[in-house]
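Dear colleague,

Please find the structure below, handed over for your records. My findings follow directly after it.

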Amino acid sequence: MTKYKNRQWIYSKRPEKLVDESHYKIQTSTTDCSSLRPGQALLKSEYFSVDPYMRIQQSEKETWEEPHPLNTVQGGAVVGKIIGIKDPHSSLQIGDWVVSYTGWQEYAITETQSLRKLNPKEVPVTTALGILGMPARIAYFGLIEAGKPKKGETVVVSGASGAVGQVVVQIAKIKGCTVVGIAGSDEKTTYLKETLGVDEVINYKQYPSTPEIKKELSKLCPNGIDIYYDNVGGYITDAIFELINRKARIIICGQISQYSGGLDNPELGPRFLHKILYQRAIIQGVLARDYNDRMNEMLQEMTPWVQNNSLKYKETIVEGFENLPNALNMLFYGKNMGKLIVKA
Ligand SMILES: NC(=O)c1ccc[n+]([C@@H]2O[C@H](COP(=O)([O-])OP(=O)(O)OC[C@H]3O[C@@H](n4cnc5c(N)ncnc54)[C@H](OP(=O)(O)O)[C@@H]3O)[C@@H](O)[C@H]2O)c1
């Protein structure tokens, strides 16, 4: 029976600020099909998802779940191939592409019921981690259900060129909104405007304070802001509240500017709740896992959009399993465009 050398990235030390390789250790073991119990499959991991929430889970404070345990394999979504299976009741077979939540390890044994089969003839398999995966799910349901976009409204999106943001801006355009995208480089803002059809863009690094970015936003949003889809928090978000319209919807999807230290030791922000009162606005947090059971609904609508190119996307693919922790660090320096993925 073939034995496979299995390298695993073990999360071993809680970061205080930025996360990097020093918070992980590599562990090597072997695995084979003889360890499979009924109902299980052995996967060869081919593409690993690298996501900002991994840093949230490293905070010691309570979030939506327990902090990621130390000295365990870093959790995360993976696209892989089945190389062994012990489940006569499953329709899965050796050679099938699947998406799983088996984390940063080269091989994984997992329950067949937890796997979602992918069809590489339909769309590239990496899309299951980004444009047709978890980030797209929260972009789609967050914007449509919490944002309730209406034709002609102004939607501002921060983190606009990332995995979530690139989907939000395009769905907002499909819904007939005027879209303003905020991102951290001219390359990203050019992509947003020229490829994704975003109406107006801001490179926030040219406006490094709340008054500066507020001034720019007020120029680009002459009719005010009806929906703000927030991926970053911090001073960019602080600038929004002065500009919101009556009944505005503020969707809190992420706060990446606060993850590297701010979650454990929050900085004091401005008090803005009176603006919510004056405008009868709504602030709503949204979480992808709350829509897990509606994945197919999203896929049915969005897969044809991806196939016919009405939904465009970028992926940043880093080569090499050994680069996983450094890839996670890249998110906090804005070194990715679109979904960040590591290829085994
Ligand atoms: N609620 C949910 O269920 C859910 C699900 C997925 C993601 N999220 C959240 O959504 C956000 C985006 O996630 P993603 O997966 O799409 O990641 P992403 O946007 O593809 O990558 C992260 C991006 O954040 C930006 N960034 C990093 N530090 C920043 C800072 N200090 N200020 C402003 N921007 C900063 C960088 O782009 P720039 O070059 O533009 O700075 C970077 O490329 C994150 O906050 C994440 O936690 C939430």
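N309 counts as partly exposed because its relative accessibility is 45%; buried means under 20% relative accessible area, exposed over 50%, and partly exposed in between, with a 1.4 Å probe and protein chains only. The residue is found in the loop between α8 and β15 (315-319), where helices (H or I, at least four residues) and strands (E, at least two) are DSSP runs numbered from the N terminus. Although N309 is not a glycine, it has a positive phi of about 70°. K148 likewise has a positive phi, of about 45°, and is not a glycine. Its place is in the loop between α2 and β9, and K148 is exposed, with a relative accessible area of 52%. As background, most residues other than glycine have a negative phi.

Please note that this is a predicted model, in which local features need pLDDT of at least 70 and side-chain atom pairs count only at pLDDT 80 or more, while totals for chains, interfaces and linings use all residues. Residues are numbered from 1 along each chain as its sequence is written, and side-chain values use heavy atoms, with hydrogens and water left out.

The domain assignment of the chain, automatic or from a database, gives domain 1 (4-128 + 314-343) and domain 2 (134-289). Their centres, taken over C-alpha atoms, are separated by 29 Å. In the contact between them, 22 residues of domain 1 meet 18 residues of domain 2, contact meaning heavy atoms within 4.5 Å. T126 is found in the loop between β8 (116-118) and α2, and at 7% relative accessibility it counts as buried. Beyond its neighbours within four places in sequence, T126 is in contact with Y47, E315, I317 and I341.

Next, the helix packing. The axes of α2 (residues 134-147) and α8 (residues 295-307) come within 10 Å and cross at roughly 85°; axes are lines fitted to C-alpha atoms, for helices over the stretch in contact, and angles run from 0 to 180 degrees between N-to-C directions. The two helices are therefore roughly perpendicular to each other, a term that covers 65 to 115 degrees. A136, R137, Y140 and F141 in α2 meet M295, E297, M298, E301 and M302 in α8. M298 is in contact with L132, G133, A136, R137, Y140, F141 and T303, leaving aside neighbours within four places in sequence.

M298 is also among the residues with the most contacts inside the largest nonpolar core, which has 40 residues. Such a core is a set of buried Ala, Val, Leu, Ile, Met, Phe, Trp, Tyr and Cys residues joined through side-chain atoms within 4.5 Å. Elements giving two or more residues to this core include α2, β12 (225-230) and α8, and α2 gives the most, with seven residues.

Two further buried positions may interest you. I227 lies in strand β12 and counts as buried at 0% relative accessibility. I227 and P149 are 78 residues apart in sequence, yet 7.4 Å apart in space, C-alpha to C-alpha. The C-alpha atoms of I250 and Y229, 21 residues apart along the chain, are separated by 6.2 Å.

With kind regards

Methods
Parallel < 35°, antiparallel > 145°, perpendicular 65-115°, else oblique.
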